[in-house]
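Student: I would like to learn how structural terms are decided. Can we work through some cases together?

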Amino acid sequence: MSRPEENILSLLVGGYESQIAFFTWSAGIFMATGLGFLTYVLISRRNKTKLHKYEEEVAQHCAPLITYLVFGDEFSKEVEESEKYLFENQGRKQILINELITLRKSLVGESARMIENYFVEKKLYALSLKNLRSGNKYRMIQAMNELRNMNYPIGERIMIRIINSIKDYNTRNYLIAMMIQIHPTSGLQFVLSRDYFISDWLQMRILQVLQEAQEVEFPRVTEWLAKGGSHAIFGCRLVVFAKSLVDVPDLVMLLKGDNDPLKIEVLRALNSLEMSQTSKFLMKIYPKQKDEVKLEILKTIISFDLPENLEFIKKCYQNEKKELRYLAQKEITAVLGFDVLSSLGTPFLSCINNSVGVHSKMAV
């Protein structure tokens with residue numbers, strides 16, 4: 001065999017040996033990783049099982065104490081030992097708090113107050129307050145829920161200080177909603193005074209919370225509008241929520257501006273409040289608007305369901321773009337009682353004109 005052939009053969013053999021070594025090494029790494037992951041899963045499961053058993057054991061020690069609180073029995077030796085065991089460390093205290101909250105949710109009247117008073121008298125709220133200041137978002141949210149469920153009178157200043165210290169956007173929003181649940185009027189003022197972006201989630205959550213609140217004083221819409229941005233959008237939604245008709249003129253003035261997203265929100269507010277008397281004004285400003293605003297104006301005018309608006313809707317059908325034509329078509333079809341697409345042309349327009357006249361006479 002010649003030397004070049006020997007060199008080629010040796011290169012091939014060397015290449016195969018390198019590949020075998022690489023695959024062997026890769027397989028070893030893969031097996032080691034797999035074994036490591038499996039070990040981690042098994043250890044995690046074992047730890048979770050142990051933790052679950054421990055929590056069950058501690059919960060059993062809660063039973064004598066809870067029975068004493070609910071039924072008002074004598075403070076027996078068993079209750080004393082149960083309480084001493086539960087207060088030995090923070091972990092057991094936390095389990096006790098969880099048990100008390102679960103029980104509190106199912107009670108009313110004097111029994112509920114007994115649980116709340118115990119929470120305060122034994123200073124269990126101190127652990128909740130400590131978690132609230134921890135900076136850990138999960139512990140903070142849990143702590144806030146504990147204080148709320150136990151009707152603990154957490155002060156506005158503490159909540160404001162904690163919220164201002166939070167950098168995590170979602171946690172801050174959650175705590176803002178919780179603050180409004182506890183202090184509705186001052187909570188709204190806090191949101192108004194800050195430059196935080198009010199996300200759609202937070203706006204909807206605040207409105208849900210306000211449904212259960214009583215005696216809420218809403219800031220005037222002009223204050224929200226002056227802040228601009230998401231505050232202005234939320235101000236429009238608050239007007240609808242509070243059915244504050246006195247604020248409607250301020251909303252209508254916004255339709256003369258240049259903020260299209262805000263205009264759309266105003267139009268939705270007028271729609272929800274059924275402000276049909278704004279129809280003529282909406283028709284007047286309609287031609288100069290962008291398509292998305294035109295679409296919302298047309299939706300609003302259609303929702304008012306006034307006979308005198310049909311002529312305007314007809315013009316939109318004749319002259320506008322596809323999406324606007326489609327909305328106009330639906331309204332005209334609903335009035336005439338047949339599909340306008342099958343009646344295109346002059347006879348169709350004549351039909352609409354006759355319908356407008358009949359509709360108007362019926363209204364009179």
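Tutor: Start with angles: under 35 degrees counts as roughly parallel, over 145 as roughly antiparallel, 65 to 115 as roughly perpendicular, and the rest as oblique. This is a predicted model, where local features need pLDDT of at least 70, side-chain atom pairs count only at pLDDT 80 or more, and totals for chains, interfaces and linings use all residues. Residues are numbered from 1 along each chain as its sequence is written, and side-chain values use heavy atoms, leaving out hydrogens and water.

Student: Why are α14 and α16 called roughly parallel?

Tutor: Helix α14 (residues 260–272) and helix α16 (residues 291–304) pack at about 5°. The cut-off is under 35 degrees, so α14 and α16 are roughly parallel to each other. Their axes lie 9 Å apart.

Student: Which residues of α14 and α16 meet?

Tutor: Contact means heavy atoms within 4.5 Å. Among those in α14 are Ile264 and Leu267; among those in α16 are Val293 and Ile297.

Student: What makes a space a cavity?

Tutor: On a 1 Å grid over the protein atoms alone, a 1.4 Å probe fits at a set of points but cannot get out. The structure holds two cavities of 30 Å³ or more.

Student: Which residues line the second largest cavity?

Tutor: Lining residues have an atom within 4 Å of a point. They include Ile176, Val191, Arg194 and His231.

Student: In helix α9, which residues are buried?

Tutor: Buried means under 20% relative accessible area (1.4 Å probe, protein chains only). In α9 (residues 184–193), Pro184, Gly187, Leu188, Phe190, Val191 and Leu192 are buried. Their cover includes α8 (169–182) and α10 (200–212).

Notes:
Axes are lines fitted to C-alpha atoms, for helices over the stretch in contact, and angles run from 0 to 180 degrees between N-to-C directions. Helices (H or I, at least four residues) and strands (E, at least two) are DSSP runs, numbered from the N terminus. On a 1 Å grid over the protein atoms alone, a cavity is a set of points where a 1.4 Å probe fits but cannot get out, and a pocket is an open set with protein on both sides within 12 Å along at least five of seven lines; lining residues have an atom within 4 Å of a point. Grid points are joined across faces, edges and corners, and a volume is the space filled by probe spheres set on the points. Buried means under 20% relative accessible area, exposed over 50%, partly exposed in between (1.4 Å probe, protein chains only).
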